[in-house]
Amino acid sequence: MPLQQAYDDLVNRSLSRIPCELGRLIYLASTREYNTGHYYHQGLADRFGPEAAQKALEIAHRQAFYKVSAYSLENLAEELERYLESTKEEPLECLRAWQKLEPYRVAVPADVSATVARLFTSNLRLALAILRFRRGQSRQHP
Amino acid sequence: MIGTTASLLAAAALLLLLIAWIRADRALRDLPFGSEEWGPGPDKDAGLNGCPPEFVSQIFSGRDLAYVGRLNSQELERQFHHERNGVALMWVQQTSAVVQRIMRHHLEASRRSRDIEFVTEAGIFLQYAQLRAACALLFVGIGLSGAQQVRGIALYADRLSQHIGQVAGEFDASLRVREMKGARPS
C-alpha cells in the first residue's frame, strides 16, 4: 500500500513540523503546480513513487481544507493569528497583504463543494477584518 | 371594509416579499468577484458537489454572529451579515441546482423504465416541490432577516435534498440492474 505509506509519511514527517492547520493547508496548496493542478513533492516521490505521492498530497490537502473550513470564526481568527506569528513577517504588513491580494484563494483544492469553498474564503476575509480590528483596539487602549 | 383591509394587507405582504427578493438578489450580485466565483467550470457538473450537512448547520448557525457581536463593532457586524448571507444564498442556489440535476437524471431513467411505481414517483415529485418551495422561502427569508433566522428551513431543505438524492439513486441503480438482466442472452 504505497499510498497509505506515502500519506502516513507526509503526515508524520512534513506536516507535523508545521505548528497550525492553516499553515499545513497553505503548505499543501504550495505543492500543487499552478499550470497543471498536479501535486509534487520530491522526497515523497523518491520514496513512494510519483503517483502515490501525488495522491497522498491531494488527499491531505482536501482534508486540511475541510478541517479549516469547519472552524468557527473565533477559532479561525486564533488560527490565523498563530499562522501569522509562525511566518516571522511583520504581522500588520502580512494582514494588509492578505486582505489586498487574498492569496488564500489558491489554497482551495479542486473538486470540493463550491459552497464550502465560498465559506472558506468568506470566513478568512472576516477573520482578517477581526484581527485588524483587534490590533486597532489594542493600539488605542494599550 | 374587510375586503379593503385584506387587499391592503396582501399589498403590504407583496411589497415586503419584493423588497426581500431585491435584497437577496443584490446580496448575491455584491459578492466579491461575482456570484460565479466557485461555480461550475467547463464541465457543468464539476462545481456541483453537494455541501456536507455539518457545513449547512455551520452556515446558518448563530454561533459566529454571537462571537462577532461580542466584539462590539458595527462595521464587523455589517460585514459578517453581508458575507454570511452571501454564502447562505449560494448554498440555496447550489442545492437547487444539484436537485434539479438529480431530477433530470431521474426523469431520463423513468422514461426508460417499463414498471414505474406511481406511489414512489409521486413521493419524489412531492418532495421535490417541497424543496423548491423551501428554496424560494429561504431566498426571501435570507434577504429579509438573515441566514441565522431561517436555520430550521435550511436544515429541513438539506434533509429533503439528501432524501431525494438517495431515493432517485436507488431507483436508478435498480433500473440499471434490470437493464443488465434484460440485456443478457436468455
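Residues are numbered from 1 along each chain as its sequence is written, and chains are lettered from A in the order in which they are written. Because the model is predicted, local features need pLDDT of at least 70, side-chain atom pairs count only at pLDDT 80 or more, and totals for chains, interfaces and linings use all residues.

**View 1. Chain A is built from 7 helices and 0 strands.** Helices (H or I, at least four residues) and strands (E, at least two) are DSSP runs, numbered from the N terminus. Along the sequence, the pattern reads α-α-α-α-α-α-α. The C-alpha atoms of chain A fill a box of roughly 55 × 30 × 25 Å along the principal axes. Of its 142 residues, 40% count as buried. Buried means 20 or more other C-beta atoms within 10 Å of the residue's own; exposed means 12 or fewer; partly exposed lies in between; C-beta atoms are placed from the backbone.

**View 2. Chain B has 6 helices and 0 strands.** Its pattern along the sequence is α-α-α-α-α-α. Of the 186 residues of chain B, 25% count as buried. Contact means that the C-beta atoms of two residues, placed from the backbone, lie within 7 Å. In chain B, 76% of the contacts with a separation of 6 or more join residues 24 or more positions apart.

**View 3. Helix 6 (residues 91-101) of chain A crosses helix 7 of chain A at roughly 145°.** The two axes come within 10 Å. Axes are lines fitted to C-alpha atoms over the stretch in contact, and angles run from 0 to 180 degrees between N-to-C directions. From helix 6 of chain A come A:L92, A:L95, A:W98 and A:Q99; they meet A:L128, A:L131, A:R132 and A:R135 in helix 7 of chain A. These contact residues divide into 5 nonpolar, 1 polar and 2 charged.

**View 4. Helix 4 (residues 50-69) of chain A reaches 28 Å from its first C-alpha to its last.** That is close to the 28 Å expected for its 20 residues, the expected span being 1.5 Å times one less than the number of residues. Its buried residues include A:A56, A:L57, A:H61 and A:F65. The buried residues of helix 4 of chain A pack against helix 1 (2-14), helix 2, helix 3 (42-48) and helix 7 of chain A, together with helix 2 (53-59) of chain B.

**View 5. The largest nonpolar core holds 71 residues.** Such a core is a set of buried Ala, Val, Leu, Ile, Met, Phe, Trp, Tyr and Cys residues joined through C-beta atoms within 7 Å. A:A56, A:L80, A:A127, B:I59, B:A88 and B:L138 touch the most other members. Helix 7 of chain A supplies the largest share, 12 residues. Leaving aside neighbours within four places in sequence, A:A56 is in contact with A:L3, A:A6, A:Y7, A:L10 and A:L44.

Note on methods:
Nonpolar A, V, L, I, M, F, W, Y, C, P; charged D, E, K, R; others polar.
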